[in-house]
Amino acid sequence: MHIWKKWLTPVLVYLSAALVMAYASFRLPTLLPGDFVTAMYAGSDVTLNAEQEASLRSFYQDTQGFPEYLHNLATLDWGYSHAFMAPVSQLFLQALPWTLLLMGTAHVLSTLLGFFLGVEAAWRRGSLMEKAGVGMMTVLEGIPEICSGVLLLLVFALSLGWFPAAGAQMAYADHTTGQWLVDVALHLTLPLATLILAYLPGNFLLARAGMVMVLESFFVVTARAKGLPPRRVRYAHAARNALLPLVTRFGLRFAFMITGALVVETIFSYPGLGTLLFNAIAMRDLPLVQGIVLFSAIMVLVANLGMEYVYTLLDPRVGHAS
Amino acid sequence: MHLDMGGQIGKDPWFITGISILLLLGFLAVAGPFLVPYDPYDISFSPLDPPSADHWLGTNDGGMDILSELVFSLRNTVIFGITAGTAGLVLGVITGLFSAWAGGWADQVVMRLADVVLALPSVMVLILLAAFFQPSPVVLALALACLAWPTTARGVRAQALTLKNSLHIKAAQRMGGSGRYIIARHLMPELFPLYLINFAAKTRMAVFMEASLAFLGLFDPGEKSLGLMINYALQYYYLDIWYNWLMPPILLLSLLIMGATFVTVSLEKIFDPRLRKTV
């Protein structure tokens with residue numbers, strides 16, 4: 001009973017958000033005036049033959065209802081991309097692992113690093129190093145991914161040539177598993193560095209602010225008075241309480257992160273969802289744009305719902321409240 | 001909230017730096033188009049020229065003067081940010097105040113709606129809108145505002161709820177002040193610092209979003225925007241154009257977002273009593 005009550009609101013919220021997205025994606029094309037299939041593809045790089053045009057038109061303008069549309073979505077029937085000559089779901093699933101690899105690694109690394117640095121900075125509050133660190137992170141927070149990404153590309157890929165400038169792996173290379181891993185890691189370095197530069201400052205500043213507040217509370221004073229070693233006070237007692245704001249803010253930051261990942265992938269031509277979306281937009285390939293947008297949005301929603309769960313695990317007070 | 005915030009904020013180096021950057025860029029955006037010698041849409045110059053006395057930053061692939069293009073792009077990006085920031089703030093303040101003052105089921109409805117809108121990844125909605133309808137940037141800015149109000153509404157509602165139970169509001173009610181009077185005369189002005197923080201944060205987010213959307217190719221390719229300029233310049237990376245074509249929009253965009261970040265961080269520090277201690 002209790003569990004049901006606790007989960008009802010968030011599940012309902014995210015479910016309605018998903019339905020809003022799906023409905024918008026279902027309804028928007030039909031709201032366009034006139035024969036938009038001809039209009040859209042007239043300015044595109046894709047030339048349609050009569051049969052393809054008919055299939056597109058029926059995809060967008062047939063009389064199927066919303067429930068049927070949802071059923072199609074669930075069964076991976078997301079339409080056909082005439083630009084790439086492949087089903088949308090296939091293209092999406094091909095690109096997805098690369099995005100997950102890039103974003104997942106960037107997120108885990110920047111959270112861990114930001115948390116650790118933030119805690120250490122708060123502990124050394126007032127020192128020269130801490131002030132320099134906070135200043136540097138605030139400046140970094142002001143540099144958008146577009147800018148840092150392009151700069152890294154210019155310097156380390158095009159000018160110095162230390163890292164590959166595009167792609168996720170060497171094409172047609174005859175690699176052993178070890179060589180392949182090195183190759184993938186090399187390709188990953190620059191986009192990953194860009195994303196970490198973008199995510200790290202926020203995590204750092206948040207962890208530091210939380211930690212500074214926690215350090216003033218009485219239980220930390222007690223822990224210190226007991227004569228516990230400083231590292232134990234810092235991590236076992238204080239830091240775990242400073243972790244919470246980092247997790248709560250995750251949901252709010254997630255939409256930003258998706259935007260950043262789209263841009264960064266495009267800059268480095270990384271073959272993930274961002275690049276696929278970029279190409280789909282450039283070629284006005286609407287079913288593909290629709291599929292990518294809808295399913296990335298649903299992934300974001302699922303991730304956020306998951307975070308709510310993690311949050312109650314980390315802070316039992318949340319579960320007991322309300 | 002009746003404290004000497006003005007004096008404090010004037011001494012914060014972050015605020016001074018941030019606001020100076022923003023004022024400088026604001027001046028460029030307002031006056032720049034009258035100062036630059038060429039029309040940014042004029043394609044009559046020879047394309048891809050390096051910088052010269054006539055064209056300080058050279059010309060782009062279409063034979064347009066890059067300096068003129070830069071100034072107009074900055075203006076468009078700033079207009080987008082301010083439009084989205086203002087509209088988002090107004091929407092958020094209205095819904096937040098209404099929610100706090102009305103209470104009961106109206107409050108519940110508005111706040112649950114806010115939850116749903118907050119859960120929507122706004123960039124995805126904007127991409128969908130832009131891909132299908134190709135709206136003008138102003139419409140996109142307003143759409144962004146419609147997706148960005150919940151954070152403001154939540155903050156305003158929380159503050160208004162504590163204010164609602166304070167003595168002077170109770171007194172005003174006892175003396176017969178109507179709801180509208182109390183909201184306009186007491187609640188709204190007292191939350192002023194909150195508006196500043198939210199406006200700065202929203203504008204920053206909108207500028208970032210505009211650059212990203214333009215960069216992804218979702219704006220009319222004829223528009224002038226910093227994101228679009230970076231997109232175009234990057235296609236010619238193999239030519240030696242990075243210092244006169246690629247870097248200027250990158251620098252301006254970074255400065256713009258940095259200025260807004262400094263101001264936001266500084267305002268948050270000074271007006272949030274909990275964060276104040278952490279400075």
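A salt bridge here is a side-chain nitrogen of Lys or Arg within 4 Å of a carboxyl oxygen of Asp or Glu. The views below show a predicted model, in which local features need pLDDT of at least 70 and side-chain atom pairs count only at pLDDT 80 or more, while totals for chains, interfaces and linings use all residues. Residues are numbered from 1 along each chain as its sequence is written, chains are lettered from A and ligands numbered from 1 in the order in which they are written, and side-chain values use heavy atoms, with hydrogens and water left out.

**View 1. The interface of chain B and chain A.** Across this interface the rule finds 0 salt bridges. It finds 2 residue pairs in polar contact, both at pLDDT 80 or more. A polar contact is a pair of N or O atoms within 3.5 Å; within protein, one must be able to donate a hydrogen and the other to accept it, and residues adjacent in sequence count only if both atoms are side-chain atoms. The elements giving two or more residues to chain B's side include α4 (104–119), α5 (122–133) and α9 (192–215) of chain B. α11(B) gives the most, with 11 residues. Helices are DSSP runs (H or I, at least four residues), numbered from the N terminus.

**View 2. Buried area between the chains.** Contact (heavy atoms within 4.5 Å) links 50 residues of chain B with 58 residues of chain A. Together the chains bury about 4600 Å², 84% of it on carbon and sulfur atoms. Met124(B), Phe132(B) and Leu216(B) supply 16% of the area that chain B buries against chain A, more than any other three residues. Buried area is the accessible area (1.4 Å probe) that two parts lose on being put together, summed over both.

View 3. Thr152(B) lies in helix α6 (residues 137–164) of chain B. Thr152(B) counts as buried because its relative accessible area is 0%, and buried means under 20%, exposed over 50%, partly exposed in between (1.4 Å probe, protein chains only). Its side chain makes a polar contact of 2.4 Å with that of Lys202(B). Leaving out residues up to four places away in sequence, Thr152(B) also touches Gly88(B), Leu89(B), Gly92(B), Val93(B) and Asn198(B).

**View 4. Confidence along chain B.** The mean pLDDT (the predictor's confidence in each residue, from 0 to 100) of chain B is 82. Helix α3 (residues 66–102) of chain B has the highest mean, 89, and helix α12 (residues 273–276) of chain B the lowest, 56.
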